[in-house]
Amino acid sequence: PVGSFSANPLGLYDTAGNAVEWVQDCYHPDYESAPTDGSAWVNVGCTRRVIRGGGFNSPANTLRLTKRDQQLSSMRMDDLGFRVARDL
């Protein structure tokens with residue numbers, strides 16, 4: 001159930017598991033030439049996007065934000081989604 005575990009150091013709940021998360025970045029095999037200001041790494045014509053973490057049906061070792069993979073931007077999966085966030 002939601003809120004079953006303690007909040008992370010940022011005060012957020014339920015950030016691991018549930019769904020593999022799409023992020024805005026285009027996939028690159030490494031971080032060479034990546035933006036250093038925290039902005040998304042996007043390219044015109046990008047077809048492969050970064051996905052992070054693990055979903056409800058993923059092995060336990062994928063339930064961390066450092067787990068990084070790629071998928072075609074047209075891919076659809078039952079455990080793939082995105083997180084809505086806003087700045088206050």
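Me: In what order do the four strands stand in the open sheet?

Reply: This is a predicted model. From the N terminus on, the elements of the chain run β-β-β-β, and the chain has zero helices. The four strands form an open sheet with mixed pairing, and their order is 3-2-1-4.

Me: Which strands stand at the edges of the sheet?

Reply: The order of the open sheet is 3-2-1-4. Each edge strand has a single partner strand, so one side of each is left without a neighbour in the sheet. The strands at the edges are strand 3 and strand 4 (80-81).

Me: How many bridges join strand 2 to strand 3?

Reply: Strand 2 (residues 48-52) also pairs with strand 1, in the antiparallel sense and over three bridges. Strand 2 and strand 3 (residues 68-72) likewise run antiparallel. In that pairing, Val50 has Gln70 as its bridge partner in strand 3. The number of bridges joining strand 2 to strand 3 is five.

Me: Which residue of strand 3 is the bridge partner of Ile51?

Reply: Ile51 is itself the bridge partner, in strand 2, of Trp22. Strand 2 is joined to strand 3 by bridges in an antiparallel arrangement. In strand 3, the bridge partner of Ile51 is Asp69.

Me: Which residue is joined to Cys26 by a disulfide?

Reply: A search of the whole structure finds one disulfide. Cys26 lies in strand 1 and its partner in the loop between strand 1 and strand 2, so the pair ties together parts that are 20 residues apart in sequence. The S to S distance is 2.4 Å, and the residue joined to Cys26 is Cys46.

Me: Is Cys26 buried or exposed?

Reply: Cys26 has its place in strand 1 (residues 20-26). Leaving aside neighbours within four places in sequence, Cys26 is in contact with Trp41, Val42, Asn43, Cys46, Arg48, Arg49 and Val50. Its relative accessible area is 3%, and because buried means under 20%, Cys26 is buried.

Me: Does Cys46 count as buried or exposed?

Reply: Cys46 lies in the loop between strand 1 and strand 2. The cut-off for buried is under 20% relative accessible area. The relative accessibility of Cys46 is 19%, so Cys46 counts as buried.

Me: What is the relative accessibility of Glu21?

Reply: Glu21 lies in strand 1. Not counting residues up to four places away in sequence, Glu21 touches Thr15, Val50, Ile51, Arg52, Leu80, Gly81 and Arg83. Glu21 counts as buried, and its relative accessibility is 14%.

Me: Which residue lies over the face of Tyr31?

Reply: The structure holds zero aromatic pairs. A charge, however, is placed over the ring of Tyr31, at 5.0 Å from the ring centre. The residue lying over the face of Tyr31 is Arg68.

Me: What percentage of the residues of the chain count as buried?

Reply: The C-alpha trace of the chain spans about 40 × 30 × 25 Å along its principal axes. The accessible surface comes to about 6,900 Å², of which 54% belongs to carbon and sulfur atoms. Among contacts between residues at least 6 apart in sequence, 50% join residues at least 24 apart. Of the 88 residues of the chain, the share that counts as buried is 20%.

Notes. Residues numbered from 1 in each chain as written. Predicted model: local features only at pLDDT ≥ 70, side-chain atom pairs only at ≥ 80, totals over all residues. Heavy atoms only, no water. Phe/Tyr/Trp six-rings, centres within 6.5 Å; stacked < 30°, edge-to-face > 60°. Lys NZ or Arg CZ within 6 Å of the ring centre and 35° of its normal. Helix = DSSP H or I, 4+ residues; strand = E, 2+ residues; numbered from the N terminus. Buried < 20%, exposed > 50% of the residue type's maximum accessible area, 1.4 Å probe, protein only. Contact = heavy atoms within 4.5 Å. Pairing = 2+ DSSP bridges. Areas by Shrake-Rupley, 256 points an atom, 1.4 Å probe, with all protein chains shown as cover. Disulfide = S-S within 2.5 Å.
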